[in-house]
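Trainee: I'd like a close look at a single part of this one. Could you walk me through a strand?

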Amino acid sequence: MRSMAMDQGAGRTSGRTAVEAVGLGKRYRRRWALRDCTFRLPAGRICALVGPNGAGKSTLLSLVSGLTRPREGSVRVWGEAPAGASARVRIAHLTQDKPLYPRLTVAETLRLGRELNPGRWNGRCAEGIVRDGCLSLDARVGTLSGGQRTRLALALAFARSPELLLLDEPLAGLDPLVRHRITALLLAQAAEHGTTVVLSSDLLAELDGVCDYLLVLGGGRVRLAGEVDDVIGAHALVMGQRRGEALPPEIAAHPVVEAQLSARHFTAVVRRKGPVAAGPWETAEPSLEELLLAYLRAPDAPDLIAPSAEPVSAPVRRRPGNKPGIPGLPRNGPPGPAGLRGAWKSPPDSAPRTRHIHHSGKGAAA
């Protein structure tokens, strides 16, 4: 399913950086909403921004769009401060409440968008999105359904011709059919215009096949970041019959993200240090939803920042034993248990690959 997003090569600009954050932090009175967040988002990606409530997703989007200023660290958009005039016109930010004027008609809303964005307004794009959704130009915004309001808000966002589009829970509260149509619209517009998209969503099952980049927040820090295929490929889902009080030592030899033990079975998501040893268990590649749920249910699991998410401007740390020219990984947030952090290790070329079986992960824990 991930091939849908990967096929959008026409909109991808290789080598460019859309967003880069180094030591980014934001504090509200006594509480840190974000702390020591370091990551890089390459241009042309559709990035899923995932995390539990209160993880700092909306705060991060506000910092990237320039609506708020960081308390510490820095964030750059296209190499510039997001609050600057040159960067601001390249960013469109659709907040969760989708602010629109309820007394204006659809036509008046589009006209207002054109007047507020001189020189960058793509009227044909906006009108096409509205027309494809069968929205009446004479209808008042306050009478539109949730899906229609989302479509109108996306029409305004894409008509600004943004290079970076930030979407905060755009699919929340929509029925499955409307979510499918809005997702198809998002993919088509992003592919046509080469837009970099950051999509915040709690609908984990619907991110697979839509997003090709991943950014997971937890406890105000970055816990997982990188290309979706790379991040998933660094993990394994292991399922088998339980024969003791703990996981088999061959499985526990790998960093365990999450383990579910029932009376007769076990299911574990592990970060592969190499090939998973064969045994009386089944090894598979986790789906994106399974991987995200494992990290969300295990807040103390070690973080993992893939090479594609390493900031270019951040100081590079090298770890003992690394080959020349292979950098260590930046760290995010306070140390985890026993000092474990997310050193990236891709599976060796000679390692036998696991069978790529998407498992629901539900039956083994029953």
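Trainee: Which residues point one way from β3, which point the other way, and are they buried or exposed?

Mentor: First, a caveat: this is a predicted model, in which local features need pLDDT of at least 70, side-chain atom pairs count only at pLDDT 80 or more, and totals for chains, interfaces and linings use all residues. Residues are numbered from 1 along each chain as its sequence is written, and side-chain values use heavy atoms, with hydrogens and water left out.

Now the strand. I46, A48 and V50 point one way from β3, while C47 and L49 point the other way, and all are buried. Buried here means under 20% relative accessible area, with a 1.4 Å probe and protein chains only. Strands are DSSP runs of E, at least two residues long, numbered from the N terminus. With 5 of the 5 residues of β3 (residues 46-50) buried, the strand is largely enclosed by the rest of the structure.

Then come its partners; two strands pair if DSSP finds at least two bridges between them. β3 pairs with β7 (residues 196-200) in the parallel sense, over 4 bridges. β3 also runs parallel to β8 (residues 213-218), and 4 bridges join those two.

Note on methods
Buried < 20%, exposed > 50% of the residue type's maximum accessible area, 1.4 Å probe, protein only.
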